[in-house]
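Please open the structure in your viewer and keep the sequence panel beside it.

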Amino acid sequence: MTSGIISSFQRGFLELLSVAGRASLVMTHLESISLIRSFSTIFLFSIPLTTQQIVRDSADGISFANFARHEKQRLDTNQLQSSTANEYTECLERCLVHESCTSLNYGGNEGAECQLLEANKHDSPEKMKFDETFVHFSLKSPCDNKPCLNRENCIPDYQKDTYRCRCPWQYKVLKNCQKGRILPSADGDWIAFWWYDVGTTWPSNEKDVLAYDFGHCEPRDPYCFSRLPADAKADLTEMLAVDSEGTAYKWNFSSNASAANAAWRAFHDHKEVNQGESVSILAWNPEVLNGSEPKDDQRAFMYREQNGVKSVLLDDDYCDCHSTLSLGHGMCQSNHDTSYSDVNSFGVDALYDPGCHGPRSGIGLTLIQVQDAAAHGIIQVLLIPVITVVKREVDPGESVGSIPARNPEVLNGSEPKYDQRAFMYREENGVKSVLLDDDNCDCQSILSLVCHNGSRSASVNCFGVDTLYDPSCQSPRSGIGLTLYASLIMTHLEAISIIRSFSTIFLFSISLTTQQIVRDSADGISFANFAIHEKQRLDTNQLQSSTANEYAECLERCLVHESCTSLNYGGNGGAECQLLESNKHDSPEKMKFDEAFVHFSLKSPCDNEPCLNREKCIPDYQKNTYRCRCPWEYNGLKNCEGRILPSADGDWIAFWWYDVGTLWPSDEKDVLAYDFGYCEPRDPYCFGRLPADAEADHTEMLSVDSEGTTYKWSFSSNASTAGAAWQAFHDHQEVEHWKSVGSAPAWNPWNPEVLNGSEPKYDQRAFMYREENGVKSVLLDDDNCDCYSTLSLGHGMCYRGHNPEYSGVNSFGVDTLYDPTCQGPRSGIGLTLYVRRKTLN
């Protein structure tokens with residue numbers, strides 16, 4: 001057998017030894033090893049041959065695993081098994097077949113100790129020790145890329161080839177320990193740990209409203225049935241509750257108060273609390289930040305199973321009425337009372353519900369917590385939407401009292417004669433009507449869109465509006481006009497949502513959907529979420545420029561314009577509306593400081609800056625996704641990282657691959673179809689081309705097939721065969737069978753440097769890239785007829801057609817780099833092509 005070392009990688013490749021039918025690997029400078037076990041035969045490779053990291057006991061008798069190698073390291077943890085092994089390959093095989101093994105130590109003073117381990121370097125990094133006598137091998141996983149921020153532990157799932165981050169509560173609830181659903185505050189951010197979004201259908205598989213650990217949920221999940229952080233402390237933790245009707249309550253947990261402590265046992269300790277365990281003279285009443293106070297003291301708490309779902313109730317008497325928290329199913333004493341809520345009606349109740357409706361669909365609720373409240377003092381919560389749209393009736397007396405009056409600022413005309421502290425919205429004479437005045441009786445009002453029975457109004461069925469200032473109590477009537485405008489206070493706001501239902505516009509200071517924009521939906525509703533950039537202007541070509549009395553008009557114009565992704569509003573006149581097709585992501589250099597303007601840009605995943613190496617993020621607003629504009633140095637992967645082979649002389653970057661076991665994709669008609677950077681690293685194939693900015697005389701290509709053969713080529717602008725290959729792989733130009741064949745010195749063969757495996761049998765002086773049997777295919781061989789080739793991608797080719805002696809008709813795939821038996825492209829073979837800039841000597 002032949003051995004080879006790639007010196008430019010400073011990596012070892014395969015050294016095949018005829019020892020009991022096994023292959024052994026020279027480990028000098030290796031960083032990873034792939035082990036494939038086909039029944040009793042073992043193959044080793046120095047590069048991962050699959051994107052899946054481990055498969056044990058597959059149906060076809062093939063098992064495999066990719067291991068990372070750590071020289072002079074030992075994971076000092078409990079051992080599943082300890083034995084001797086003559087070769088480290090035997091130890092790797094034992095780990096592969098042991099269902100619980102994720103890593104191993106090999107070596108020791110005698111050099112043959114094989115220690116199989118269940119723990120790994122990710123969940124026990126503190127146990128990795130320096131030891132000159134050992135080599136540590138660990139299963140490869142996505143955790144090797146260190147996706148978890150803030151140095152938090154990454155927990156791999158080897159079977160699913162995924163991971164999760166062990167995020168402490170300070171880093172919110174997102175997968176990689178970055179910020180999630182939060183409400184910012186200068187005194188400490190509020191962190192969402194439980195939510196049930198408006199419009200969510202109750203998930204029938206959920207049987208516990210406190211089922212999950214803190215950090216389990218993704219921010220875009222429509223519900224999250226989680227508990228408080230494990231390291232939170234009762235006397236230092238606050239909880240904020242905000243429902244979809246705008247009510248906001250805040251509670252302080254306590255280790256002393258009975259109801260507060262019962263709630264802590266449920267929300268933190270995950271312990272059931274039954275009827276009678278929390279009633280005490282110490283009520284657990286919330287501080288009201290917005291909305292009405294609870295009707296009765298909140299001194300009773302339960303967390304128990306009802307109708308198949310563990311549910312929560314905080315109210316006055318253990319029976320679901322006048323509650324503040326009612327999550328899951330309605331409860332009353334040890335059972336359920338249908339007077340207050342229906343059987344098998346699941347959801348949440350509003351925080352303030354004097355009508356005793358119980359949990360139901362159509363209500364949304366979010367629970368948010370902050371720790372170390374004593375250190376922070378009183379939290380000023382910046383969470384209430386500046387405009388709250390609440391469509392429910394307000395009956396007489398609900399808003400009258402000693403609460404602060406809602407008096408207007410007078411911009412023109414006379415002030416109201418009395419404080420405006422009484423409000424009604426209810427049906428009167430067949431019309432739901434509005435009244436804002438001093439005493440719920442229509443006189444000295446400022447808003448009167450009603451005729452109130454028993455009022456001092458002159459007539460019954462008096463429909464219309466009253467003047468804003470009416471000291472003579474005339475009542476609503478015809479002949480008076482009134483217009484109401486809604487505006488959003490933007491001070492310190494970072495985002496705004498606009499919803500357009502036919503001709504009506506609503507604005508909110510929080511994002512109401514995870515989808516960022518929908519235009520012209522079938523139900524007549526359009527919406528968009530915008531980020532706000534005060535004193536900023538995007539200096540780029542304008543789709544349209546006009547005046548708008550309010551920035552809301554400008555937002556609406558952008559919403560209905562199919563090409564608008566951002567806008568500038570303001571100017572010296574304060575009313576200029578500039579609609580833009582460009583945005584802050586594709587033109588960041590054009591964002592200018594300008595005190596006269598505010599810039600609004602559609603929100604997108606690019607706002608989270610997912611692209612590495614400071615590369616541009618290009619949002620797709622309709623699909624709510626993005627792509628990174630990655631230069632080829634960063635491998636063209638989604639976030640500008642990718643499939644690479646590290647080398648001290650310059651990393652090799654994968655641009656074309658066809659993984660072992662991949663079925664030929666019937667919709668692909670060109671083996672060089674895509675620009676460099678199009679593919680994702682986990683795609684099973686990538687029919688990409690060389691980077692557009694690569695230069696022929698400064699570019700090398702490395703090829704590695706699934707049998708371990710490794711060839712390296714240097715492109716050239718002079719040699720005809722190399723030049724023909726460049727036209728195909730770089731310029732995407734077809735090359736016919738006769739264009740690169742010849743015997744003249746100018747038509748030099750394009751032979752590879754053999755890094756591992758056997759040399760080609762004949763000079764490689766013929767290159768084709770043309771259509772055959774419906775697929776544009778590639779052939780590099782000696783004579784333009786598919787035998788003794790080095791590159792054969794797609795379908796077999798011979799001169800202008802195809803020779804079935806060498807490969808079957810409609811047999812698609814790749815051939816091995818070295819194939820002396822002339823088999824042609826076929827399934828079951830894998831191949832990867834890498835590129836790098838040629839090292840200058």
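Select Leu-367, which touches Ile-191, Ala-192, Phe-193, Trp-194, Met-239, Leu-240, Ala-241, Phe-267, Leu-325 and Leu-327, leaving aside residues up to four places away in sequence; contact here means heavy atoms within 4.5 Å. This is a predicted model, in which local features need pLDDT of at least 70 and side-chain atom pairs count only at pLDDT 80 or more, while totals for chains, interfaces and linings use all residues. Residues are numbered from 1 along each chain as its sequence is written, and side-chain values use heavy atoms, with hydrogens and water left out.

Leu-367 is, with Trp-194, Phe-267 and Phe-301, among the residues with the most contacts inside the largest nonpolar core, which has 41 residues. Such a core is a set of buried Ala, Val, Leu, Ile, Met, Phe, Trp, Tyr and Cys residues joined through side-chain atoms within 4.5 Å, where buried means under 20% relative accessible area, exposed over 50%, and partly exposed in between (1.4 Å probe, protein chains only). Helix α2 (residues 258–267) gives the largest share of this core, 7 residues; helices (H or I, at least four residues) and strands (E, at least two) are DSSP runs, numbered from the N terminus. A second, separate core of 39 residues includes Met-701, Phe-715, Val-735 and Phe-767.

**Second stop: strand β41**

Now select residues 699–705, strand β41, in which 7 of the 7 residues are buried, so the strand is largely enclosed by the rest of the structure. In a regular strand the side chains alternate between the two faces of the sheet. In β41 both faces are covered, with Thr-699, Met-701, Ser-703 and Asp-705 buried on one side and Glu-700, Leu-702 and Val-704 buried on the other.

Which strands pair with β41? Strand β48 (residues 831–837) runs antiparallel to β41 and is joined to it by 7 bridges, and strand β42 (residues 710–714), also antiparallel, is joined to it by 5 bridges; pairing requires that DSSP finds at least two bridges between two strands. Glu-700 stands opposite Arg-836 in β48, and Leu-702 stands opposite Lys-712 in β42. β41 and β42 form a hairpin with 4 residues between them, and Gly-708 in the turn has a positive phi of about 95°.

Finally, select Arg-426 in strand β25 (residues 422–428). Arg-426 counts as buried because its relative accessibility is 13%.
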